[in-house]
Amino acid sequence: MKAKQSIEDLVKELLGGSVRAAGRLITLVEANDSLVPDIMKLIYPHSGNAYVIGFTGAPGAGKSTLVGKLAKLLDSKGKKVAIIAIDPSSPFTGGALLGDRIRMMEDVGIKQNVFIRSLGSRGEMGGLSEATYRVANVLDAFGKEFIFVETVGTGQAEIEVTKLADSVIVVLSPGMGDEIQTLKAGTMEIGDIFVLNKADQAGAESISASIQTALHWAAKHGERMPTLVKTVAIKEQGIEDLWKELELHRAYLIESGQLKIRREKRIRMEVCKLMEDKLARHFNKFTCESPDFEQGIKEVSTDNKNPCQQAEILLETFMSFLKQGDSEK
Amino acid sequence: MFNDDTLKKQQILEEQLMAAMKAMPAEAVPPPPPPVSNWSGIKLKPSYSPADIKDIGFQEIGIPGNFPFVRSNYPFHYQVEPMHMNQGYGFATTEETRQRREFLQQLGSRSQGGLVTAVMTLDLPTQRGLDPDNPAARGKVGECGCSFSTLDDFSEYFDGLDITKLFTALLAIDNALPINALFAAYIRDRRKENWADMWNLPCNLFHHQQFWDAAGYPPKTALKMSTELIKWHIDNMPRSCPGAFDGYNLGESGAPPAMEVAFAMAHTIAAIEECQKVGLDPNIVAAKYLGHPHACMNFFEEVAKLRATRRLWAKIMAQRFGCTSPDALRHKIVIAQTAGTELTAQEIYNNIIRITVMTMAGMMADIEGMWVVSYDEAISIPTEQAVKVCVRTYQILQEETDLPHVTDPLGGSYYVEWLTSEMEKEILKIMDEMDKRGGYLKCWESGWIRGQVQDAAFKRFKKLESGEAIKIGVNKYRIEETDPEANIYRRPIEVEEKAIERVRRYKANRNQEKVKAALEQVRIAAIKVDKEWPGSGGVLMPALVEAASAGATAGEMSKIMQENLGYGYFSG
Amino acid sequence: METKTKKRVLVTKSDQDAHEVSVRYLTQLLRDKGMEVIFTRYSIIDEVVKTAMEEDVDVIALSFYSSGLQYDTARLMELLKEQGLKDEIKVVIGGTISEGEKKELIKIGVDEVFMPGVGTLLDVVERVNA
């Protein structure tokens, strides 16, 4: 059994460089534990320094290998890197096989300081990006300069995750059959840098040309046109080029003020989510515990009251319940 | 196959039987047997008759020793040449390995032409290209195999042995090129002998990544490695078998028989095509392939599979590659290996019966040789006692029974001929499916092959769990008893320390400049193989032989190849 | 703490050993039980402890078919002890292990040992989940 430790101690250890404390805190913030606000309070002053890079793209494009190689390169340059690898969970049991780590481990073994954490997507829409945001905050406070977020890149939930990234990399590969569909299906809008991985394979030239064409209309409104980098991750080719491109994009974001805008969006998202969570918690409490609520429901079913009207009345009651709850606290 | 008169007679008999059954009171009619399918998914009837094989032309069956060789590669076979005993062994110390080889000789184990088998399993670090002094080798040097990394290791194991009387195979997997380069350099430089006199099997298993979810060379590189190995052996060791038609490892990973052949065949076709790119003649390449299939407990399915493989091979080599040489058209099944996955750790002596059934399937399909595994395979590296039973299994079947008297004794059986054709169709169906999915390489790269193998393996596990598939003494008729304690082989820890010491000394006492220069040539060759293929075909092995000769270790050579050829590939 | 976390299990084996069909099947069984399973292959056993800490797992399940049992298990337990994790993480080991070796493993702090022919994968799942 894991020893119970106060969050203050855990955070102290985290700031002192304890991998174990980082792992433990991530578990807590990922699970949306009731301690999250307290943890975030302790961590927040130490975060805000990391640069977050999102990786997405269809399965089989070689994302994990690419992420591993880039992490290895940055590590060799003395940068502190963390990777958050997101895998889908089973919608039936909630269990998950978190398999992406294995492909990165080949490169990022014991010798490197790269921190890797696997997250299950829990099969639910939304919620994942908030959890990932909090996990990234822990890693940020842990002193990581670059945080890579890798998603399976097939569903909306995964695309959501990229919203918390400063730079988004979309990984494609030739011969995936549906490359044109991939370009149309919404991924073009989210990418800042496109990587054509496995660029030594047949068909690389033609897909590269069609991506180039697509990039012209893929530019986000008011932003620079996305760029294309060709890599053969397995042979470590083009990784240095990708890093240069990332540095260019980062410089652009800083100079143009876009970084600030993106981060504000991210903060907005987080604050909204926190408010929503808190509201939901109170609302649950109200519906479960308040005699007024029970009474109101009864009146609808026995006295044949109009549910719409009743909802309005109960909402008023809830508002005062909310104020009361806050003042009590 | 049959004239109308015969078929008519059969139809009448069947109608009479049906009528008789109808006339019987309902309760007297036996219930119909439950439907049965074999592991490859082919539905079986309770019995077979001429009607089931009427559409198979006689030329599809022919006579033993004739195209399409379904019945046998030879007009007569076991009558004059017993099945070859090609079982592997390998221990941490040369002493133990020598003892085992001598013990096998003493028992009467023999391979083709009376050669002594030296199929040596190597330890895991060697298989991955790691020298004993590599940190990742810690704790694994010499466990479950010999450690090879230098010319000194070859001296240790092979000095004093007549290489012309050995059938050698060093199971080096990803490290096969450097290990065989060391072997060649040892023969040429230290023994001052002609490597052309060797009978070598250089372990061409670079395709393992398609079904093992372990890192390997990427598919295209794997085909190049295979070509390098084949080309060098054809040019230098004409008696060797550098091509491997490997179904065994597919079968052990979970592929049912038809799937096993389909994937092995698809790989072999791709590998021969790759050889053509560097100018090799398929007539010569195909002749250099040896069959290494899996043998499971489904006796008739295995017999039919092996016969179908031979027929399909002959057709593909003739039609697709235009082969005309009989040696190329004959698929020589030199090492069928009895399934380790069929054996149990409980009541281990039952495994002797299982192994016998699998070995008999090989004999009934008239194959050239087998690797009969020992009954303690599930728990241990074979003990002397277990190995003795292996050798006796071949000998008893060959010399105490009437099995070897007649070639292809099951030929012409309605059931066996029908099943052989059905297995062939099933194999072709899976190969067609691969074509539809964009071809073999695509199916490897996308992880489809691995997925198919894994699904089949998981299905099998589920069946064993539910009792639908039976293992006697395990999930049926189980009694609680204490089995004799497994005698698990662990090498003494000093072996590892000595090996580390030996390789360090080897590296210290050599001409460093010469080694550096030779390794640089390996690097240049590896880059050429990567970038200038197929024009660069054949440059890597010679560079490796010279590096080995200069004193480079297998690990040093492997490292350069891995760095330049994209090692660490995962499909899917 | 009212944390509702799923049990996280690290299933791992040496990357030099290709015997892993049943290990992968085990990962599926564990997932079907609702656990979060991280499957890795290590090149050096030290990686396992790093992974276990980063992934904050409750259980480490280690599989051996042929090689490295003695060295790797001793080193694993030593590192877990060093990190103060020995009592926090359950260690389950399966493979070709003899009765004598099992006793040794239990002595150095391994929680469960599965030997050939003893129990099934479902038993392993049960012990991991316990």
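Me: In this model, which residue in E11(B) is the bridge partner of His294(B)?

Reply: The model is a predicted one, and in it the bridge partner of His294(B) in E11(B) is Gln337(B). That pair belongs to a parallel pairing of E10(B) with strand E11 (residues 336–338) of chain B, which extends over two bridges.

Me: In what order do the strands of that sheet of chain B stand, and which strands are at the edges?

Reply: The sheet is open and has four strands in the order E3-E12-E11-E10 (chain B), with parallel pairing. Strand E3 (84–85) and strand E10 (294–295) of chain B each have a single partner strand, so they stand at the edges and one side of each is left without a neighbour in the sheet.

Me: How should I read the side chains of a strand, and which way do those of E6(A) point?

Reply: The general idea is that in a regular strand the side chains alternate between the two faces of the sheet. In E6(A), Ser167(A), Ile169(A) and Val171(A) point one way, while Val168(A), Val170(A) and Leu172(A) point the other way, and all of these are buried. Since six of the six residues of strand E6 (residues 167–172) of chain A are buried, this strand is largely enclosed by the rest of the structure.

Me: Which strands are joined to E6(A), and in what sense do they run?

Reply: Strand E1 (residues 51–56) of chain A is joined to E6(A) by four bridges and runs parallel to it, with Gly54(A) standing opposite Val168(A). Four bridges also join E6(A) to strand E7 (residues 193–196) of chain A, again in the parallel sense, and here Val170(A) stands opposite Phe194(A).

Me: How can I check the length of a helix, and how far apart are the end C-alpha atoms of helix H10 of chain B?

Reply: The check takes 1.5 Å a residue, by which the 21 residues of helix H10 (residues 257–277) of chain B should span 30 Å, and the end C-alpha atoms are 31 Å apart, which agrees.

Me: Which residues have a positive phi although they are not glycines, and are they buried or exposed?

Reply: Ile173(B) has a positive phi of about 45° without being a glycine, and its place is in the loop between strand E6 (166–171) and helix H7 (176–190) of chain B. With a relative accessible area of 10%, Ile173(B) is buried. Asp366(B), also not a glycine, has a positive phi of about 55° and is found in the loop between helix H14 (350–364) and strand E12 (369–371) of chain B; with a relative accessible area of 2%, Asp366(B) is buried.

Me: Where are there cis peptide bonds in chain B?

Reply: One cis peptide bond joins Phe67(B) and Pro68(B), with omega about 0°, and Pro68(B) lies in the loop between helix H3 (58–61) and E3 of chain B. Another cis peptide bond joins Trp533(B) and Pro534(B), again with omega about 0°, and Pro534(B) lies in the loop between helix H20 (512–531) and helix H21 (540–550) of chain B.

Me: How should I describe the interface of chain B and chain C, and how many residues are in contact?

Reply: Counting residues gives 36 of chain B in contact with 34 of chain C, and in terms of area the two chains bury about 2900 Å² between them, 53% of it on carbon and sulfur atoms. On the side of chain B, Lys140(B), Phe458(B) and Arg490(B) lose the most area to chain C, together 21% of what that side buries.

Conventions. Residues numbered from 1 in each chain as written. Chains lettered and ligands numbered in written order. Predicted model: local features only at pLDDT ≥ 70, side-chain atom pairs only at ≥ 80, totals over all residues. Heavy atoms only, no water. Expected span 1.5 Å × (residues − 1). Pairing = 2+ DSSP bridges. Contact = heavy atoms within 4.5 Å. Buried area = accessible area lost by both parts, 1.4 Å probe. Buried < 20%, exposed > 50% of the residue type's maximum accessible area, 1.4 Å probe, protein only.
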